[in-house]
Amino acid sequence: MHISDGILSAPVLTAGFVGTAILAGVTLRKMDMEEIPKISVITAAFFVASLIHIPLGVTSVHLILNGLVGITLGLRSFPAIMLAVALQALLFGHGGVTVIGVNSIMLGGGGLVAYFIWQLRHRFPSGPKREPIFGGIAATLSVVSSGIVLALALVTTGEEFKATAGYALLAHVPIMIIEGIVVGACAGFLAKVKPEILAGQIQTGKRNAP
Amino acid sequence: MPLDIDRFAHLETSIHRWDPRVKILSLGIFMFGVAVLKALPLVAIALIMAMIFIKITDLPFHFIYNGLKWVAVFLAPFFIIMPFSYPGEAAFYIWKLPFAWEGLRLATLIFVKAIAIVMTTYAIFGSARFDVSMIALQHLKCPKVIVQMLLFTYRYIFVFVEEMKRMDTAMRCRGFVMKTNLNTLYVMGNFVGTLLVRSFERTTRVYKAMLSKGYQGEFHTMVEFSAGWKDFLKAALVLGVIIALLASELLGIFRQAVFGWY
């Protein structure tokens with residue numbers, strides 16, 4: 001899910017860059033030197049994973065996975081997604097350079113939403129189903145929130161984009177479902193195999209106890 | 001999908017020889033200028049400019065095509081949706097659907113702008129080694145942390161594309177076929193998880209290796225820039241064109257879109 005160059009008006013583009021700068025500033029606070037390679041390597045993994053296309057009837061959709069970034073990198077998911085968006089714009093004009101700001105808020109904001117929902121899981125008893133369910137919900141809602149930002153960016157640009165915004169939201173319904181299932185499965189996998197990758201994982205010690 | 005944007009960085013053209021700092025700044029301003037234009041003739045001139053940039057950089061068309069293809073795929077629906085959903089008077093009706101020329105004009109405007117901007121992006125980043133472009137960005141006051149992460153990420157993308165190809169081959173050897181069903185989605189979830197675990201483990205190794213080579217949160221480079229009058233002349237040319245375009249936009253020489261673009 002991207003917005004392309006040439007659509008949005010100047011105030012929306014500017015708002016995108018200002019918002020991105022602020023969010024990046026907040027989410028990059030107290031950054032350790034050690035974290036730089038870690039965030040970059042995981043960003044690269046997500047960039048590559050989003051190239052995967054999943055067949056959907058006669059067509060196919062590619063994974064967005066911003067929810068998964070949220071539940072693995074926590075607050076740092078925002079700069080990570082911002083990097084991925086910037087690289088996609090630079091490497092294959094996917095999105096575009098002038099819309100890096102808006103796209104970062106759209107996808108990175110989704111990552112933050114996913115992280116906040118993911119953190120709510122601590123209020124529920126742990127079990128084998130908890131991580132997949134919360135991962136799935138977090139990913140679905142991150143796509144929902146990205147869709148809302150996309151629609152807002154279009155509608156604030158001009159009245160004439162209302163219909164387009166509606167169709168864009170509609171087109172995201174299958175993606176919400178697919179992302180939810182894929183990320184849910186992935187969260188379950190990670191909780192079993194390498195729980196320390198997941199963000200806000202407190203009780204890893206218990207799991208490994210004999 | 002070819003991801004190495006700097007595959008043709010070895011060419012020797014006047015854009016390749018342009019000081020990367022001056023090039024990024026002036027062509028960057030050009031791109032943002034194009035993004036806010038809203039008169040079709042002016043945007044057409046911008047597209048011709050972008051084509052000239054590409055012509056000068058000598059980048060082969062099939063290379064640019066990879067980027068333009070995505071723009072076309074993304075914007076194709078606009079040509080169908082916009083004419084039928086544009087508010088205001090309809091020119092005529094197709095099966096009771098109101099068709100407005102204004103909508104079609106807007107779709108064309110968006111399309112041409114996007115193509116021009118993506119072409120300019122290729123002219124900027126296709127004409128210098130990626131690391132050189134990034135160091136130039138750092139000289140232009142882009143935060144050091146972000147530049148470093150971009151460099152790392154860029155390098156690892158290629159490693160993980162290979163990793164993913166290996167995993168994909170292994171899965172297909174075991175008889176996995178992608179279908180539209182729940183099982184495929186579960187398998188893809190685990191696939192992504194495995195990719196993450198492998199990359200995570202690689203990070204720890206990479207970081208230790210970097211520390212042992214003396215990494216202290218700083219990249220040192222032998223790349224040095226020097227901007228001369230030729231670099232500034234090129235910048236003046238590009239900026240002159242975009243200022244002229246924006247000026248004729250503001251003076252309203254050409255008819256603009258009726259609905260809000262500002």
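In what pattern do the elements of chain A follow one another along the sequence? Hi everyone, let me start there. Chain A reads α-α-β-β-α-α-α-α-α-α, which comes to eight helices and two strands. Helices here are DSSP runs of H or I with at least four residues, strands are runs of E with at least two, and both are numbered from the N terminus.

Before going on, some housekeeping. This is a predicted model, where local features need pLDDT of at least 70, side-chain atom pairs count only at pLDDT 80 or more, and totals for chains, interfaces and linings use all residues. Residues are numbered from 1 along each chain as its sequence is written, while chains are lettered from A and ligands numbered from 1 in the order in which they are written.

So, how confident is the predictor? The model scores ipTM 0.84 and pTM 0.84. Residue by residue we have pLDDT, the predictor's confidence from 0 to 100. Chain A averages 84, with 92% of the residues scoring at least 70. A contact means two residues whose C-beta atoms, placed from the backbone, lie within 7 Å. Chain B has a mean pLDDT of 82, and 94% of its residues reach 70 or more.

Now the overall forms. The radius of gyration, taken over C-alpha atoms, is compared with a globule rule of 2.2 Å times the number of residues to the power 0.38. Chain A has 17 Å, which agrees with the value near 17 Å for a compact globule of 210 residues. Chain B, with nine helices and two strands, is another story: its radius of gyration is 23 Å, well over the 18 Å that the rule gives for 262 residues, so chain B is more spread out than a compact globule.

Burial is worth a look too. A residue is buried if 20 or more other C-beta atoms lie within 10 Å of its own, exposed if 12 or fewer, and partly exposed in between, again with C-beta atoms placed from the backbone. In chain A 59% of the residues count as buried; in chain B the figure is 36%.

Chain B is assigned domain 1 (14–129 + 224–251) and domain 2 (138–212), with bounds from an automatic or database domain assignment. Their centres, taken over C-alpha atoms, are 32 Å apart.

How do the chains meet? In all, 68 residues of chain B are in contact with 63 residues of chain A. On the chain B side, α8(B) gives the most, 19 residues.

Last, the largest nonpolar core. Such a core is a set of buried Ala, Val, Leu, Ile, Met, Phe, Trp, Tyr and Cys residues joined through C-beta atoms within 7 Å. This one has 141 residues, and those with the most contacts inside it are Ala45(A), Val182(A), Met119(B) and Val192(B). Helix α5(B) supplies the largest share, 16 residues. Both domains of chain B give residues to this core, so it lies between them. Thanks, everyone!
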